[in-house]
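Let's take a walk through this model, one neighbourhood at a time. Keep the structure open while you read.

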Amino acid sequence: MAAPVAPMTERAVRNVVFVDGVRTPFGKAGPKGIYAETRADDLVVKVIRELLRRHPELPPERVDEVAIAATTQIGDQGLTIGRTAALLAGLPKSVPGYAIDRMCAGAMTAVTTAASGIAFGAYDVVIAGGVEHMGRHPMGEGVDPNPRFLADRLVDTSALVMGQTAENLHDRFPGITKERADAFAAASQAKYDAAVKAGKIGPEFVSVATRSADKGWGLATADEPPRPGTTVEDLAGLKTPFRPHGRVTAGNAAGLNDGATGCLLADEATAVELGLPIGMRLVGYSFAGVEPEVMGVGPVPATEKALARTGLRISDIGLFEVNEAFAVQVLAFLDHFGIADDDPRVNQWGGAIATGHPLASSGVRLMTQLAHQFAERPDVRYGITTMCIGIGMGGTVIWENPHYERSEGSNQHSEGDK
């Protein structure tokens with residue numbers, strides 16, 4: 001007679017917290033960029049070591065996983081970079097790691113995937129992040145798209161060129177003019193510059209020693225891409241490389257960049273046990289697919305899905321970190337939810353148009369900035385990080401502020417208020 005099957009053990013979902021995040025300064029891709037002769041995996045090593053340096057209360061052997069994203073997983077971004085970077089950073093050999101790819105949302109997906117493991121009980125503490133060295137590895141290097149995508153008309157020819165998808169988005173939403181996009185871009189540069197001067201951006205940086213065969217050794221301590229003082233007039237005359245007389249320019253889109261990000265995630269009880277700070281609590285997340293030809297609209301359904309699954313409303317969100325791959329993409333998101341172009345809740349320290357967008361690393365930059373903003377805003381309970389994703393997707397993560405103090409008249413409701 002077969003032995004009776006034991007009933008499945010019920011599991012409680014655990015609270016997941018964002019402990020802390022760091023990043024390298026972002027560089028311009030290309031032979032003149034600050035990281036032109038720096039390896040991608042060494043950038044990841046820097047952020048892992050910095051996380052451990054900032055948190056001596058965390059025994060390295062308590063790290064259960066290292067999840068690192070890269071869009072172009074080749075060369076010094078290949079070879080299961082989560083594991084190899086963990087070894088290079090000096091983590092115990094008992095700490096496993098893996099690589100992950102969801103194009104621009106790579107680091108975001110590293111966070112959500114690892115966080116799901118924490119919630120389930122598979123991990124207690126995880127390092128998650130991403131890297132992109134677009135100077136060494138341009139997007140699409142070494143790929144071989146299946147010819148059926150075009151032969152069977154599964155996608156339009158523009159779907160694989162992100163700048164062309166942004167032009168398509170302008171076509172779909174004619175109310176989003178080039179003038180609006182340029183104004184948003186100029187504002188991003190101004191907000192970023194003000195945030196740097198106020199010391200809001202910079203504390204999350206880990207300095208990186210750089211080397212140039214011509215210039216010798218250097219030290220990267222600040223983002224390279226920003227253009228402080230940019231005006232709408234400066235942007236008006238820029239070329240439109242993706243379409244004659246188009247609307248997308250180098251001024252109202254993020255550039256090609258190099259950089260790495262990393263963060264610590266933990267089960268909340270474990271964070272308390274170890275004395276780790278709690279920067280944010282994970283509320284929920286969603287990814288959604290859209291037509292690849294207009295991939296920039298992806299954050300809209302991803303956000304709607306995340307809000308529906310968490311029982312929240314867009315009015316409950318007090319801070320937004322929206323990745324600025326293209327100004328038109330952010331404006332489409334804002335228009336959909338009835339949010340003004342200059343709403344102070346949105347990208348209050350500027351965005352990727354200023355700081356740069358090293359593809360797979362950017363999700364953790366958004367999260368780190370949101371966590372720092374939460375610390376200053378106890379009046380805000382919920383915030384989101386959201387981004388569009390190549391090949392027609394969007395991703396949104398909703399976070400709760402652990403510093404939130406309910407005030408009379410607050411419209412940010414709790415589970416019991418719904």
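This is a predicted model: local features need pLDDT of at least 70, side-chain atom pairs count only at pLDDT 80 or more; totals for chains, interfaces and linings use all residues.

## A strand pair to start with

T210 sits opposite G218 in strand 7. Strand 6 and strand 7 (residues 216–220) run antiparallel and are joined by 5 bridges. A hairpin of 3 residues takes the chain from strand 6 to strand 7.

Look along strand 6 (residues 208–212) and you'll see its side chains alternate.

## The annotated domain

The UniProt annotation "domain: Thiolase N-terminal", from an unreviewed entry, covers residues 16–268. Its end C-alpha atoms lie 6 Å apart, and the span is 31% helix and 19% strand.

## Salt bridges across the chain

The model has 24 salt bridges. One of them pairs the side chains of D171 and R247, at 2.7 Å from N to O. D171 belongs to helix 5 (residues 162–172), while R247 is in the loop between helix 7 (232–236) and strand 8 (257–267), 76 residues apart. D171 counts as partly exposed because its relative accessible area is 41%.

R172 also has a partner: it forms a salt bridge with E291, with the closest N and O atoms 3.0 Å apart. E291 lies in the loop between strand 9 (280–289) and helix 9 (299–310) and R172 in helix 5, so this pair ties together parts 119 residues apart in sequence. Then there's R180 with D341, where the closest N and O atoms are 2.7 Å apart. That pair links R180 in helix 6 (residues 178–197) to D341 in the loop between helix 10 (327–336) and helix 11 (352–355), 161 residues apart. Salt bridges with shared partners also join E167, D171, R243 and R247 into one network.

## Two residues with positive phi

Most residues other than glycine have a negative phi. L79 isn't a glycine, yet its phi is positive, about 60°. You'll find L79 in the loop between strand 3 (65–69) and helix 2 (81–88), and at 72% relative accessibility it counts as exposed.

M103 has a positive phi too, about 50°, and isn't a glycine either. M103 is in the loop between strand 4 (97–100) and helix 3 (106–120). Is M103 buried or exposed? M103 is buried, because its relative accessible area is 15%.

## A nonpolar patch

On the surface, L160, V161, F242 and I391 form a nonpolar patch with about 290 Å² of accessible area together. I391 comes from the loop between strand 11 (382–389) and strand 12 (393–400), and at 38% relative accessibility I391 counts as partly exposed.

How values were computed:
Residues are numbered from 1 along each chain as its sequence is written. Side-chain values use heavy atoms; hydrogens and water are left out. Patches are made of residues with over 30% relative accessible area and no salt bridge: like charges are joined within 9 Å, nonpolar side chains (Val, Leu, Ile, Met, Phe, Trp, Tyr) within 5 Å. Accessible areas come from the Shrake-Rupley method with a 1.4 Å probe; for residues, only the protein chains shown count as cover. A salt bridge is a side-chain nitrogen of Lys or Arg within 4 Å of a carboxyl oxygen of Asp or Glu. Helices (H or I, at least four residues) and strands (E, at least two) are DSSP runs, numbered from the N terminus. Buried means under 20% relative accessible area, exposed over 50%, partly exposed in between (1.4 Å probe, protein chains only). UniProt positions are given in the numbering used here, feature names are shortened, and annotations may be inferred rather than shown by experiment. Two strands pair if DSSP finds at least two bridges between them.
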